[in-house]
Amino acid sequence: MFKLVKRLTSVVAMFAVLFTFTTETMAAKKSKTLKNTQKKGFVRCGVSQGLPGFSNADAAGNWTGVDVDVCRAVAAAVLGDASKVKFTPLSAKERFTALTSNEIDILSRNTTWTLSRDADIGLTFVGVNFYDGQGFMVRKNSGISSVNDFKAGVSACTNLGTTTELNMRDFFNSKGIKYEPVTFEKADEVVAAYDAGRCDTYTTDKSGLAAQRIKLSNPDDHMVLPETISKEPLGPVVRQGDSVWEDIVRWSLNTMIEAEEYGVTSANADSMKTSDNPAVKRLVGAEGELGAALGLDNEWSLRIIKQVGNYGESYKRNIADTGILPDRGPNELWTKGGILYVPPAR
Amino acid sequence: MNFKKILPQLITLVVVILVFGFFSYNAQVNMENRGITFGYGFLSQESSFDVQFSLIEYDGSHSYFRAYLVGLLNTILVSVIGIIFATIIGVVVGIARLSSNYLIERTAAIYVEFFRNIPLLLQIFFWYFAALRALPLPEKAEPMFGVFFLTIKGFFIPAFIWNNLDIFIYSVIAAIIAIIFVRAYAKKKQENEGTQTPVLLISIGFLIILPLLSFLLGGVDASIEIPVIEQLSKTSFTYKGGLKLPPELISLALALSLYTATFIAECVRAGVQGVSKGQKEAAASIGLTPNQVLKLVVMPQALRIIIPPTTNQYLNLTKNSSLAAAIAYPDLVLVFAGTALMQTGRAIEIVSITMLTYLTLSITISIFMNWYNKKIAIKEK
């Protein structure tokens with residue numbers, strides 16, 4: 001009889017566990033990412049496992065990069081402090097699952113915006129923070145100076161689970177070249193294998209090639225071919241189904257770009273409150289009630305600009321000054337010959 | 001009385017059903033909320049990614065299901081190679097550990113302690129990147145016997161180009177069936193008349209004569225294709241023709257077999273030591289030769305101790321082969337639970353298929369080894 005009682009208690013305990021699970025899912029059904037973030041006190045951000053210029057941790061564990069800055073901007077807007085971000089390094093393979101299974105709230109990890117990713121697997125892309133394209137890196141002494149010099153039998157190293165893998169096939173197929181894809185889960189292993197001579201070429205987004213080249217044993221022996229074989233608009237991603245959170249991330253990114261357009265920087269943001277231009281005043285929260293529309297206070301955008309800086313500052317700090325891609329190319333403002341163009345904040 | 005016995009079982013059953021039901025319901029609701037659809041229809045869609053090494057014909061124009069098969073076959077390939085080599089090395093080292101020669105015994109012991117105490121993933125990285133650093137570039141490779149080329153881009157070996165390969169395979173199958181019959185006949189004959197038949201010689205004879213006949217009469221023809229060096233650019237080369245074993249396969253198989261062999265060696269040692277000394281002495285005293293003692297007395301008893309733990313090692317090796325993803329060997333995890341999962345985003349479907357596949361593989365090995373174990377177990381009468 002005693003045994004029976006013991007078993008019954010364990011069964012009751014199990015039901016109790018089940019019940020708490022159920023109530024928790026009920027509460028999360030509305031997907032109140034904003035509320036949870038404010039309760040926790042930090043933004044949960046998924047980044048790469050180390051891509052200089054985009055998301056890279058130094059020896060002390062401080063993350064920097066343009067992708068990192070998107071999360072910092074959201075933290076500044078939502079929590080008032082750009083440093084309140086918890087970064088989770090993810091491989092290309094893990095990234096979407098981490099987002100859809102609620103482990104992170106923003107995925108800002110040089111991720112290409114495609115239709116199937118946006119529509120099919122429960123994700124929403126909120127914008128583009130870097131316009132990129134796929135390229136090839138080869139050894140300088142190989143005599144290959146263009147993608148037209150590749151011959152059948154060429155082996156290409158790349159990351160698995162990326163659009164790169166698909167573009168590579170489209171590219172080599174269109175040229176009628178039989179090739180050998182060597183795909184690794186982590187970028188560091190791709191670099192090591194290419195460096196050792198396992199592959200004739202290393203292919204990924206051109207920004208990635210420029211960043212990873214620094215990690216090679218003799219960076220000067222390698223070069224990136226001039227051709228770009230694909231469109232790779234990289235941008236932050238959120239879970240589908242929480243449009244408020246989606247808007248916050250989108251407009252945090254847009255604020256950075258628009259701030260550059262109006263010449264608002266981290267240094268002069270406070271003085272811009274008295275600007276004559278109403279658009280600038282709206283941007284720094286001195287006019288209008290834009291914050292309320294997002295469920296935030298009116299200083300949210302001012303904090304982003306003061307704590308993280310505008311897009312140009314972020315680019316210069318992370319990508320240009322580190323020597324990765326000094327030339328902004330398409331990632332210049334539309335007013336200066338690039339294609340960065342964001343809807344107005346009003 | 002009966003009710004008291006059944007009740008706990010009934011409750012357990014209900015709880016199990018509830019837990020499973022809850023989790024699947026929860027998954028369904030969450031997927032619906034996030035706009036994720038569920039279904040296995042994607043398996044027939046075009047995969048549109050390539051794989052570097054495949055046992056069957058495959059490229060991106062085939063389906064995701066075909067990609068699954070490619071990964072599965074590669075997993076089986078590296079597991080089978082690993083199991084064969086791990087067994088050979090394991091048995092040799094296990095017996096060496098029992099050697100009365102001090103040097104041999106110590107060497108074997110050091111090998112076992114060294115390799116089984118380093119995490120397998122590290123060993124895989126070591127063998128892969130050590131191999132990549134140590135192997136020559138294709139143009140600098142020294143040919144072995146003039147036809148084998150071990151290079152950083154892979155091990156290039158001559159390939160057979162077959163005509164009427166199917167007839168050759170039938171002839172081998174026929175030979176194997178014939179051998180099974182001869183063995184059964186020989187066993188019966190020995191039981192009834194006490195005379196021994198030279199089964200081994202007859203078996204070898206079948207294995208040579210039947211395939212030979214297929215060449216002479218069946219129109220089977222095989223020629224050898226030797227890999228030839230080819231220039232891709234000013235400084236980069238590869239080999240064309242022949243068969244290519246990627247360095248990823250070689251280093252993975254090497255790491256898996258060296259690691260697992262240490263455990264098998266310990267099983268073998270335990271098995272042989274588990275046979276009591278009296279058995280050997282008794283066998284010798286009735287006039288059996290040392291070879292017969294080993295074959296008829298020691299091994300049958302040692303095997304009973306060796307098989308069950310060795311089965312575990314085979315299962316471990318098969319499951320450990322999933323570490324392949326770290327070094328770009330296109331196994332099931334890399335191709336299917338990696339690339340295919342990423343391209344389709346169907347995490348639940350693909351992970352469930354992958355789990356079921358590993359489960360099936362493991363259970364198959366388990367069933368086979370249990371059958372073998374039962375076969376060699378002492379039949380008490």
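**Figure 1. Chain B holds 11 helices and 7 strands.** Helices are DSSP runs of H or I with at least four residues, strands are runs of E with at least two, and both are numbered from the N terminus. This is a predicted model, in which local features need pLDDT of at least 70, side-chain atom pairs count only at pLDDT 80 or more, and totals for chains, interfaces and linings use all residues. Residues are numbered from 1 along each chain as its sequence is written, while chains are lettered from A and ligands numbered from 1 in the order in which they are written. The C-alpha trace of chain B spans about 80 × 75 × 50 Å along its principal axes. Chain B has 381 residues, and 30% of them count as buried. Buried means that 20 or more other C-beta atoms, placed from the backbone, lie within 10 Å of the residue's own; exposed means 12 or fewer, and partly exposed is in between. Among the contacts in chain B with a separation of 6 or more, 66% come from residues 24 or more positions apart. Two residues are in contact if their C-beta atoms, placed from the backbone, lie within 7 Å.

**Figure 2. Helices H2 and H10 of chain B pack together.** H2(B) covers residues 64–96. The angle between H2(B) and H10(B) is about 155 degrees, and their axes are 7 Å apart. Axes are lines fitted to C-alpha atoms, for helices over the stretch in contact, and angles run from 0 to 180 degrees between N-to-C directions. H2(B) and H10(B) are therefore roughly antiparallel. That term applies to angles over 145 degrees; under 35 is roughly parallel, 65 to 115 roughly perpendicular, and the rest oblique. From H2(B), the contact uses Tyr64(B), Ala67(B), Tyr68(B), Val70(B), Gly71(B), Leu72(B) and Thr75(B). From H10(B) come Leu332(B), Leu334(B), Val335(B), Phe336(B), Ala340(B) and Thr344(B). The residues of this contact of H2(B) with H10(B) divide into 10 nonpolar, 3 polar and no charged. Ala, Val, Leu, Ile, Met, Phe, Trp, Tyr, Cys and Pro count as nonpolar; Asp, Glu, Lys and Arg count as charged; the others, Gly among them, count as polar.

**Figure 3. Helices H8 and H9 of chain B make another packed pair.** H8(B) runs over residues 277–285, and H9(B) over residues 290–320. Their axes lie 10 Å apart, at an angle of about 155 degrees. H8(B) and H9(B) are therefore roughly antiparallel to each other. Gln279(B), Lys280(B), Ala283(B) and Ala284(B) of H8(B) meet Val293(B), Val297(B), Val298(B) and Gln301(B) of H9(B). The contact of H8(B) with H9(B) divides into 5 nonpolar, 2 polar and 1 charged.

**Figure 4. Ala328(B) sits in the loop between H9 and H10 of chain B.** Most residues other than glycine have a negative phi. Ala328(B) is not a glycine, yet its phi is positive, at about 70 degrees. Ala328(B) is buried, with 28 C-beta neighbours inside 10 Å.

**Figure 5. Chain B meets chain A.** The contact takes 42 residues from chain B and 46 residues from chain A. On the chain B side, the elements giving two or more residues are helix H1 (2–33), helix H4 (120–134), strand S6 (237–240) and helix H10 (332–344). H1(B) gives the most, with 8 residues. The side of chain B that touches chain A divides into 21 nonpolar, 14 polar and 7 charged residues.

**Figure 6. Chain A is divided into domain 1 and domain 2.** Domain 1 covers 33–131 + 234–336, and domain 2 covers 134–230. These bounds come from an automatic or database domain assignment. The C-alpha centres of the two domains of chain A lie 29 Å apart. At their contact, 15 residues of domain 1 meet 14 residues of domain 2. The domain 1 side divides into 7 nonpolar, 7 polar and 1 charged. Chain A has 13 helices and 14 strands. Of its 346 residues, 50% are buried.

**Figure 7. Asn110(A) lies in the loop between strand S5 (106–107) and helix H5 (115–120) of chain A.** Asn110(A) has a positive phi of about 25 degrees, although it is not a glycine. Asn110(A) is buried, with 27 other C-beta atoms within 10 Å.

**Figure 8. Met272(A) lies in the loop between helix H9 (243–261) and helix H10 (278–283) of chain A.** Met272(A) counts as buried, with 20 C-beta neighbours inside 10 Å. Leaving out residues up to four places away in sequence, Met272(A) touches Val264(A), Val280(A) and Val284(A). Met272(A) and Gly285(A) are 13 residues apart in sequence and 9.8 Å apart in space, C-alpha to C-alpha.
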